[in-house]
Amino acid sequence: MLHPSYLDQLVAHFEQPSFIAEDPVSLCHTFTDRFDQEVIGLYAATLAWGSRATILSKLENLCTRMCFKPWSFVKYFDPARDSEILRTFVHRTFQPEDCIAFTHNLSLLINQYGNIENIFACHPKAVDTRDAIERFSTRMMTIREDTPHRLQKHLARPSRKSACKRLTLYLRWMVRPGPVDLGIWDSIKPHQLLLPLDIHSGRQARELGLLARKSNDWKATIELTEACRKLNRSDPARYDYALFGLGAYGNPLSNL
């Protein structure tokens, strides 16, 4: 059986301020206003696939287009006036029309709910954030009748069996305390968070005996989170640092 102290040592090694610089969360840390942080964080998580260097470059480009005022840009976004600013923004399959629709719909939701935290707000007695994730993606797709159907590929939902990696990652950033995560939201608690799951973290989780399911889907997200809850019920998502770190940097404990 995997001893909790092993993973705890890995978390202690990787969850350090030095982790921030090469990670998409670094864009959040360049801002001091919590509303700027939650807005650019959502874009950072949405675009978080592919080369980390490319992701950071694209996010910097996006911030430049927003005049480094992401909250103001999105809240007051006028598609007739501002769409041209995003017209040439591309990251892999996130095309200009996706960026414009994403921004337009997010603007409408922010103006309806007040901020992004309120869009996600989780019931205090909820076991996890599955309903919050489902609700956010559904609201993003339905806030406007003429929302392009293709936008849904960037808005994962548990009901579609997706692992929802980017949204679980975003919630980790917003909810968990630092030094890497921001801990700026109160409506969701760390014990409700789910672990971000992709091909890399899934491989490490299986090697460690934390995950048996072969597919990296929603059921696997739940299985992995439940395994980590047995190690730390109050903060299961902390072990994402162990899984990611092992995959990205190797095992720092192997020579101890």
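R34 and E38 both belong to helix α3 (residues 34–46), where they stand four residues apart, about one turn of the helix; helices here are DSSP runs of H or I with at least four residues, numbered from the N terminus. The model is predicted, so local features need pLDDT of at least 70 and side-chain atom pairs count only at pLDDT 80 or more, while totals for chains, interfaces and linings use all residues. Residues are numbered from 1 along each chain as its sequence is written, and side-chain values use heavy atoms, without hydrogens and water.

**The pair in helix α3**
- R34 forms a salt bridge with E38, with the closest N and O atoms 3.5 Å apart; the term denotes a side-chain nitrogen of Lys or Arg within 4 Å of a carboxyl oxygen of Asp or Glu.
- R34 is partly exposed, at a relative accessible area of 25%, whereas E38 is buried, at 0%.
- Buried means under 20% relative accessible area, exposed over 50%, and partly exposed in between (1.4 Å probe, protein chains only).

**Other salt bridges**
- The whole structure holds 18 salt bridges.
- R176 pairs with D181 at 2.7 Å between the closest N and O atoms, and both residues are buried.
- R238 and D235 meet in a salt bridge of 3.9 Å, N to O.
- Shared partners join D8, E15, R172, R176, D181, D235, R238 and D240 into one network of salt bridges.

**Around W185**
- W185 touches R34 and E38, and also residues including F120 and Y170 (contact: heavy atoms within 4.5 Å); this leaves out residues up to four places away in sequence.

Methods: Helices (H or I, at least four residues) and strands (E, at least two) are DSSP runs, numbered from the N terminus.
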